[in-house]
Amino acid sequence: MAPNVEIAIPSTTLSNTSPPYTVYHITLRLPLRSFTVSKRYSDFSTFHSTLISQTNASPPAPLPPKTWFSKTVSNERLREDRRRGLEEYLRAINESEDGRWRTSPAWRAFLNLPTAVASTGNGPTKTSSRLHAAITDPAATNAPITDPTLWLDYYRDMKNHLHDARLQLSRRDQETTPQKQHESSAQAKGSLVRAGTMITTLDDGLKNLGRDNSSASSGLGGGEIRRRKDLLINARKEKDGLENLLHAMATKSRLDHTVASIQDKEALMNSGDAASGRRTPARAGRVLGKETERTRELDNEGVLQLQKQMMQSQDDNVDELRKIILRQKELGTQINEELEVQNDLLRLADEEADILKSKIDIGRKRIGKIS
C-alpha cells in the first residue's frame with residue numbers, strides 16, 4: 001500500500017543561537033498540501049524513545065547514533081551523513097508494511113500530522129482519499145460529509161481557497177498591465193467559485209452531522225455543531241465580501257478602458273485632421289482649470305460623463321468599504337458573544353469544581369469517622 005505522506009529531508013541549516021546547532025527541515029507532501037517541519041537531533045532522539053515506549057517495538061530502521069568526538073555544526077560531511085540517515089529512518093517508518101509506528105500519537109505529534117492523514121487506513125475508504133475525491137471531483141461524492149474529521153479538513157481547504165482569492169485580488173491591484181490584471185482576476189474568481197461550492201458541501205455535511213449528533217458515529221455535541229455553523233457563516237460572509245471586491249475592481253477596469261478608448265479616438269481624429277491640413281475649431285463655452293491627460297482631449301460632454309463615472313465609481317467603492325466595515329463589526333460582535341459564552345462555561349465549570357471539592361471533603365470526613 002502506498003503511503004499517504006511523502007517524506008524527505010532536503011536541507012539543513014544552522015541555528016542563530018549560541019552555541020549553534022543543526023536544524024533538519026522535514027518536507028511532507030500530503031494529498032492536498034505540503035509543509036515543512038524543522039527539528040534538531042535531540043528532537044529525533046526523544047521521538048525515537050517515545051515511539052518505542054508507545055509501540056513496544058523498535059522502528060524498522062535504526063536512528064543515526066550520536067557522535068561524541070565531532071559535531072555536525074563544524075563537520076559538513078558528518079552533517080550530510082546524518083541528514084541522509086534521518087531521512088532513511090523516517091522513510092522506513094512511513095513505507096513499512098507494519099503501520100503500528102505510523103498510528104502512534106508520537107508519529108503524529110512529531111510531524112504535526114492530522115489524525116486522518118497519519119492513520120494507515122487499511123479499510124476501503126480512507127479519510128484522506130475521501131477528502132481528495134471530495135475536493136477534486138465534488139460530483140463523484142453524492143453523499144454528504146458524515147465524518148467530523150473529514151469536515152474539518154474540507155473546511156481548512158476551503159479557507160485556503162479564500163486565502164488564495166484574497167492574495168490574487170491583492171496582486172491584481174498591484175499589476176500594471178491589463179493582461180496580468182485579467183489573469184489575477186480569473187484566478188481569484190476560480191478560487192471563489194471553488195470556495196462557494198465547498199461551503200455548500202460543508203453546509204450539507206453539517207446538517208447531516210447535526211441529525212446524527214446523538215449517535216456514536218458523529219461524536220459531535222450541540223456546542224460543536226453551533227461552533228461549526230458560526231465558522232460557515234463567517235466563511236460565507238468572507239466569500240461574499242471578496243466577490244463584491246472583485247466586482248468593484250472589474251467595474252473600475254471597465255471605466256478606465258472606456259476613458260482610454262475615448263482618448264485614443266480623440267487623438268486619432270486630431271492626427272487625421274493635422275495630416276489633411278484641416279484645422280480643428282477651438283472648443284467654446286468651456287472654462288479650463290487644471291487639465292489632466294484624461295480630460296485634455298475630451299469635450300464638455302465627455303468631461304461631464306467622465307466625472308459622473310468617476311463619482312459613481314467612488315460611490316461604489318465607499319459602499320463596498322461600508323459593507324466591509326459592517327462585516328468586521330459583525331465578526332467582532334460574534335467573537336465577543338463567543339467569548340461571553342466561553343466565560344460562562346468556565347464559570348460554571350469552576351462552580352462545579354467547587355461543589356465537587358466540597359463533596360469530596362465531606363466524604364473524607366465520613367471515611368475518617370468510620371475508620
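I looked up the accessible surface of the protein chain first: it comes to about 23,800 Å². Carbon and sulfur atoms account for 54% of that area. I note that the model is predicted, and I read every value below as computed from it.

Next I checked burial. Of the 371 residues in the protein chain, 30% count as buried.

I then went through the secondary structure. The protein chain has three strands and nine helices.

For contacts, I took pairs of residues at least 6 apart in sequence. In the protein chain, 59% of these contacts join residues at least 24 apart.

Which residues form the negative surface patch? I found D350, E351, E352 and D354. I placed D354 in helix 9, which covers residues 300–370. D354 is partly exposed, with a relative accessible area of 47%. Patch residues need over 30%, so D354 passes that cut-off at 47%.

I also looked for a nonpolar surface patch. V341, L345 and L348 make one of about 260 Å². V341 is found in helix 9. I read a relative accessible area of 41% for V341, which is partly exposed. V341 therefore passes the cut-off of over 30% as well.

Notes:
Residues are numbered from 1 along each chain as its sequence is written. This is a predicted model: local features need pLDDT of at least 70, side-chain atom pairs count only at pLDDT 80 or more; totals for chains, interfaces and linings use all residues. Side-chain values use heavy atoms; hydrogens and water are left out. Helices (H or I, at least four residues) and strands (E, at least two) are DSSP runs, numbered from the N terminus. Buried means under 20% relative accessible area, exposed over 50%, partly exposed in between (1.4 Å probe, protein chains only). Contact means heavy atoms within 4.5 Å. Accessible areas come from the Shrake-Rupley method with a 1.4 Å probe; for residues, only the protein chains shown count as cover. Patches are made of residues with over 30% relative accessible area and no salt bridge: like charges are joined within 9 Å, nonpolar side chains (Val, Leu, Ile, Met, Phe, Trp, Tyr) within 5 Å. A salt bridge is a side-chain nitrogen of Lys or Arg within 4 Å of a carboxyl oxygen of Asp or Glu. Lys and Arg count as positive and Asp and Glu as negative; His and the chain ends are not counted. The place of a charge is taken as NZ of Lys, CZ of Arg, CG of Asp or CD of Glu.
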